Amino acid sequence: RADIKMQYKQLWVWNLKLSDAGIYTCEYGTRKIRTSLHIFKLTISSDGHFLQNEVPELILIQNSSSPLPDLSITLFDTNNNRVTPELQNKSRQKYIVNLKKLEAMDSGTWVCQVHSDSPLINRNISFAVKVLGFQNPDLVRKYAAVDSTVILSWHLNSQKIKWEEGFTGQLNWKQQGNAKSHELLDFNVTAQGQLHETKKSNNLLFEIPERQPESTIEVKLPKVHFNHSGQYQCQLEYRGRHTQSKIELVVMKVSANPAGPLSREANITLTCQVSGSLPPNAYLRWERVNGTKMDIKDSKQHEVKLQVNISAAGLWSCHLIEGSDRKISLHYHVEEASVWINYVIIGASIGGSLLAFAFGCLCIISGISWQRRRQRAKRMAQARQYLLENKTCQCQR
């Protein structure tokens, strides 16, 4: 592992080991020159391959012929931002530090800066960090209307960091509470970064889009049902370790009772409902388009269902508002009943009233007639009884 270049009076040593540290003497005639070789060895856990939210462990070992100096260690991430590590062990010969929880954006070349005042040492040691993960936030809430089309996407950074080894993963869907989890698809990525997906569930009418951006996992719900809501979790696995990213799908629907046209002096109940819980700063709002402030009603905190009784026809809108941002709106057009329908309804009401009155009168007349027949039958019975009790015999010649 060594070579002497005579013309430069140099000793070349490669593949250095800690045991190579010490004092090297160059003799040239009567001259002797001594050089002290100080060696550092920097290792990082998992060979520098991590999943997001993992905490790498960095080990720095030094060796020299002289007493080992007291080192100060400073780290700089891929964006040249200073990172303060957590020192776990310090024995002058071996330093063990923990880095922060990694994110996907932390992939790249890091620098470990080693400093000592006596002897004077200023050395930058670079090392590679590859963080496989999602470019999505940890939890995304997505809103959709019933019967609409929704595409849920998870963006990986495997192409960006040129991941050298394959990994596997799966996409699961789970409704609220303790509902059973459904495995939608499995996937794996080759060393060349090619993504392979296998559909696992036929319980849901979901599709895998044919064309997807590189390093992207997508599922398509061509017609969202109200019970398609819940958490969709994409999970990565590498060497027995896991990381995941969740998308919470909230579905909204509107309905009316009764669903028919609004007749004169009648009311309709409009209902707006979402399938899952809302964040504290989110609420539902009913309002009539081009209406007044009297036509606006907001839900209370944590309410997932809002009802409003209306007597005015027109276009009514239900908005899901988070903070000051309208996330989704659904409309319901309340039609006003035609004039002839109103007349039919009024006529039917009057006719029904007259029919009821006539029926009542008929019942009364029938009752009186029945009562009279009953009294007449009673008097005849009394007369027959009287004749039987006072018998007379009449003889005729």
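The protein chain of this predicted model contains two helices and 27 strands; both are DSSP runs numbered from the N terminus, with helices (H or I) of at least four residues and strands (E) of at least two. Residues are numbered from 1 along each chain as its sequence is written, and side-chain values use heavy atoms, leaving out hydrogens and water. Local features are reported at pLDDT of at least 70 and side-chain atom pairs at pLDDT 80 or more, while totals for chains, interfaces and linings use all residues.

Of the 397 residues in the protein chain, 33% are buried, where buried means under 20% relative accessible area, exposed means over 50%, and partly exposed lies in between (1.4 Å probe, protein chains only). Contacts (heavy atoms within 4.5 Å) were also examined. Among those between residues at least 6 apart in sequence, 56% join residues at least 24 apart.

A friendly place to begin looking is the sheet that contains strand β26. Two strands are said to pair if DSSP finds at least two bridges between them. This open sheet has four strands in the order β24-β23-β26-β27, and the pairing is antiparallel. The edges are β24 (296-298) and β27, each with a single partner strand, so one side of each has no neighbour in the sheet. From one strand to the next, the twist averages 15 degrees, with axes being lines fitted to C-alpha atoms (for helices, over the stretch in contact) and angles running from 0 to 180 degrees between N-to-C directions.

Strand β23 (residues 282-288) pairs with β24 over three antiparallel bridges, and Glu 287 has Ile 296 in β24 as its bridge partner. Elsewhere in the sheet, β26 and strand β27 (residues 325-334) are joined in the antiparallel sense by nine bridges. Here Trp 316 stands opposite Tyr 332 in β27. The two strands β26 and β27 form a hairpin with two residues between them, and Gly 323 in the turn has a positive phi of about 70 degrees.

In general, a disulfide is a covalent bond between the sulfur atoms of two cysteines. A search of the whole structure, taking a pair of cysteine sulfur atoms within 2.5 Å as a disulfide, finds one. The partners are Cys 272 and Cys 318, with sulfur atoms 2.0 Å apart. Cys 272 belongs to strand β22 (residues 268-274) and Cys 318 to strand β26 (residues 314-322), so the pair ties together parts 46 residues apart in sequence. The link of Cys 272 and Cys 318 is left-handed, at -80 degrees about the S-S bond. Cys 272 is buried at 0% relative accessibility, and Cys 318 is buried with a relative accessible area of 0%.
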